[in-house]
Amino acid sequence: MNAPELSSSPYTHNNQNVRKVMLQVQIAALPALFTHIYLFGFGIVVQWILAVMTLLIVEYVMLRMRGRPVLPFITDMSGLITITGLVFCIPPDSPWWIIVSGSTFALIFGKHLYGGLGYNPFNPAMLGYAFLLISFPVQMTQWTLPSSLSGHSISFLESAYYIFTGHIPGMNLDALTGATPLNSVRTGLSQGITVVDSIRTEASSHLFGLSSWGWVNVAFMVGGVWMIITRSISWQFPVGFLGALGLMSFIFNQIDPNLYPPMSFTLLSGGTMLAAFFIITDPVTASTTPKGRFIYACGIGILVYVIRNWGAFPDGIAFAILLMNIAVPLIDQYTQPRVFGHKR
């Protein structure tokens, strides 16, 4: 009779690993990528290629300096998630050194200096984004206008030429770039100027009354819902974040509907859905308890609304996430679930 096979606990395992989870996130971002290309041109593709090249160089150098094997760590796709999140946050036709410096800073100071994946307290992509916002505010606020407003769809070669040289022969660049709707709202609030009517007019000129930013956010939401269904992310993150942000927007819109934009604009502008489904769900820097995830996400939603409307930056997602990253240990400490079998 054969001896029983012994194994240590846990006896059940799921089929997930770091590489598989990261790949699922990349696939979920594809609808937003294709929508972004259709509306804003191929600049984001050029930026992503530059970011990948930077990733390979920085990861190789840092892993060698740390005495770690290169191939296992460089192929876990964790760095790819960082640069993908950062690429979606920067202007698609910003100078080449923007994405290179932002990716380098994110990977070195957001990941490797803390010991690599699993040890970093701050979200690397948002750390790189905050670095770019503070260091290069002019370049980070000049966004490529959607083709429906500029009247010209920028090709891949035109985007590459513009990113590396700063101009496109025979083309007026002032007609291709401008402020984002969020930037217009923040400027209007600081000056007490009503901009809600212009937002509604701009949105009404697009398909189904959604602006270009609205469609990009819808695409992110589609990918995010798929990740919830496949259990790649926890539902508490998007529900808490969007619920808190939407509630704040509803309250202030009811107070002064002519000054504060409606909830639909708040939820479908800037990087709202990117943050809700792809950034704040980072398993390393976010809260780990079920109740803590919801509190963490609600805190980010409230901070995003405050920074957007009364802060110095139009979106505020990066700073809101980094501030709540600091609070994660405290949140986890006070939201530990009751141990099974514990008596009241």
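The questions and answers below concern a predicted model of a protein chain.

Student: How many helices and strands are there in the protein chain?
Tutor: The chain is predicted, and its secondary structure is assigned on that model. Of its 344 residues, 50% count as buried. The chain holds 18 helices and 2 strands.

Student: What part of the accessible surface of the protein chain belongs to carbon and sulfur atoms?
Tutor: The accessible surface comes to about 17,200 Å². The part belonging to carbon and sulfur atoms is 67%.

Student: Does the span of helix H5 agree or disagree with its number of residues, and how far apart are its end C-alpha atoms?
Tutor: Helix H5 covers residues 78-89, which is 12 residues. At 1.5 Å a residue, H5 should span 16 Å. The span in the model agrees with this, the end C-alpha atoms being apart by 18 Å.

Student: Is H5 largely enclosed by the rest of the structure or largely open, and how many of its residues are buried?
Tutor: A residue counts as buried under 20% relative accessible area. The buried residues of H5 include Ser78, Leu80, Ile83 and Phe88. Cys89, also in H5, is buried with a relative accessible area of 11%. H5 is largely enclosed by the rest of the structure, because the buried count is 12 of the 12 residues.

Student: Which helix gives the most residues to the nonpolar patch?
Tutor: The patch covers about 580 Å² and is made by Phe42, Trp48, Ile49, Met53, Phe156 and Leu157. Two helices, H3 (43-65) and H10 (156-165), each supply at least two of the patch residues. With 3 residues, the helix that gives the most is H3.

Student: Where does Phe42 lie, and what is its relative accessible area?
Tutor: Phe42 is one of the residues making the nonpolar patch. Its place is the loop between helix H2 (30-40) and H3. Phe42 is partly exposed, with a relative accessible area of 34%.

Student: Which residues does Phe164 touch, not counting those up to four places away in sequence?
Tutor: Phe164 is in helix H10. Phe164 is partly exposed, with a relative accessible area of 46%. Beyond four places in sequence, Phe164 touches Val46, Leu50 and Trp96.

Student: Is Phe34 buried or exposed, and what is its relative accessible area?
Tutor: Phe34 is found in helix H2. Its C-alpha is 10.0 Å from that of Ile44, a residue 10 places apart in sequence. A residue counts as exposed over 50% relative accessible area. Phe34 is therefore exposed, at 53%.

Student: What is the count of disulfides?
Tutor: A disulfide needs a pair of cysteine sulfur atoms within 2.5 Å. Cys298 counts as buried, at 18% relative accessibility. By the distance rule, the count of disulfides is 0.

Conventions: Residues numbered from 1 in each chain as written. Predicted model: local features only at pLDDT ≥ 70, side-chain atom pairs only at ≥ 80, totals over all residues. Heavy atoms only, no water. Helix = DSSP H or I, 4+ residues; strand = E, 2+ residues; numbered from the N terminus. Expected span 1.5 Å × (residues − 1). Buried < 20%, exposed > 50% of the residue type's maximum accessible area, 1.4 Å probe, protein only. Areas by Shrake-Rupley, 256 points an atom, 1.4 Å probe, with all protein chains shown as cover. Patch = residues over 30% accessible without salt bridge, like charges linked within 9 Å, V, L, I, M, F, W, Y side chains within 5 Å. Salt bridge = Lys/Arg side-chain N within 4 Å of Asp/Glu carboxyl O. Contact = heavy atoms within 4.5 Å.
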